[in-house]
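Good morning, colleagues. I would like to take you through one model this morning, beginning with a loop and the residues around it. Please have the sequence and the structure in view.

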Amino acid sequence: RPSALTAHALALDLGTLSGRRPLVAVACGRPVWSDPKTSRGRRVTALDASTLDALRRVHTRTRADRKLAGSAYQDHGLVFTHPDGSPLHPDTTSKNFTRRGEELGLPRIRLHDLRHTWATLALESGIHPKVVQERLGHANVSITLDLYSHFSPAMQSDAAERVAALILSNPLAIATPVPASDAIPPAVGAC
C-alpha cells in the first residue's frame with residue numbers, strides 16, 4: 001500500500017524501490033509495521049519514469065510540508081503522509097482510491113486489484129513470466145502463471161497465430177510427405 005512506502009525504501013536517483021514492510025495499522029498516531037510474508041518481500045523493484053516523476057513531486061511537496069510545520073512535523077520516514085507528517089491509516093488510501101474511481105466513472109475495483117491488472121497486462125504484452133514473477137514477489141514462476149495466465153483467451157489466440165506464422169513462413173519447417181523410397185520400413189511382424 002502507498003501508505004506504507006518509506007523514504008528509506010525509495011531510491012529516486014536509482015529508480016528503485018526495495019525493502020518493503022507492510023503498514024498494518026496506525027495506533028495512537030504511530031505506524032504499526034509487519035514483516036514481509038517471505039524474503040521476496042525485500043526485493044528491489046525498478047520503477048517506471050512516470051512513477052518516478054510523481055514520487056519526485058510528492059518528495060517536493062513533503063519538503064514544503066516539513067518546512068511549514070517546523071518542529072511540529074512528525075517524521076516517521078513515510079513518503080505519503082498528512083501535511084504534518086503523521087501517517088495515513090492504511091484504509092485511507094483504499095477509500096481515496098475507491099472515491100476517485102467513482103468520481104471518474106470507472107468500474108469499481110479494489111486498490112489491490114491493480115496488482116492483478118498489472119500482472120495480466122504484463123503477461124499479455126509479452127513480458128517474460130519470470131520478470132513478472134520477480135516483480136510480484138512470488139516464490140516461483142508457476143504461482144504467477146497459475147494465477148494470471150488463464151485470465152486471457154487472447155494470449156491463447158496470440159500463441160497459436162505466432163507459432164503458425166513461424167511455421168508457415170519457414171518452408172523447411174513445413175512437414176512434407178516422405179518419398180516411399182525413404183520411408184522407414186515397417187517393424188518386423190507388422191502387417
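This is a predicted model: local features need pLDDT of at least 70, side-chain atom pairs count only at pLDDT 80 or more; totals for chains, interfaces and linings use all residues.

**A loop and its surroundings**

I109 is located in the loop between helix 2 and helix 3; helices here are DSSP runs of H or I with at least four residues, strands are DSSP runs of E with at least two, and both are numbered from the N terminus. Residues are numbered from 1 along each chain as its sequence is written, and side-chain values use heavy atoms, with hydrogens and water left out.

Not counting residues up to four places away in sequence, I109 touches F97, T98 and L114, where contact means heavy atoms within 4.5 Å. From I109 to T98 the C-alpha distance is 7.3 Å, and the two are 11 residues apart in sequence.

F97 belongs to helix 2, residues 90–103, and is partly exposed at 25% relative accessibility. Neighbours within four places in sequence aside, F97 is in contact with I109, R110, L111 and L114.

L114, in turn, lies in helix 3. Its relative accessible area of 37% makes L114 partly exposed. With the same exclusion of neighbours within four places, L114 is in contact with F97 and I109.

**Helix 4 and its partners**

Which residues of helix 4 are buried? In this helix, residues 129–136, they are V132, Q133 and L136. Seen down the helix axis, these buried residues fall within an arc of 100°, so they line one face of helix 4; the arc is that of the directions from the axis to the C-beta atoms. Their cover includes helix 3 (113–124) and helix 5 (141–148).

The axes of helix 4 and helix 5 come within 8 Å and cross at roughly 95°. Axes are lines fitted to C-alpha atoms, for helices over the stretch in contact, and angles run from 0 to 180 degrees between N-to-C directions. Helix 4 is therefore roughly perpendicular to helix 5, a term that covers 65 to 115 degrees. Helix 4 contributes P129, K130, V132, Q133 and L136 to the contact, and helix 5 contributes V141, T144, L145 and Y148. Just after helix 4, G137 takes a positive phi of about 80°.

An open sheet of three strands has the order 1-2-5 with antiparallel pairing, where pairing requires at least two DSSP bridges between two strands. Strand 1 (10–11) and strand 5 (45–46) are the edge strands, each pairing on one side only. Strand 2, residues 16–17, pairs with strand 5 over two bridges, and L17 stands opposite T45 in strand 5.

Finally, the protein has six helices and five strands, in the sequence pattern β-β-β-β-β-α-α-α-α-α-α. Of its 191 residues, 26% are buried.

Conventions: Buried means under 20% relative accessible area, exposed over 50%, partly exposed in between (1.4 Å probe, protein chains only). Angles under 35 degrees count as roughly parallel, over 145 as roughly antiparallel, 65 to 115 as roughly perpendicular and the rest as oblique.
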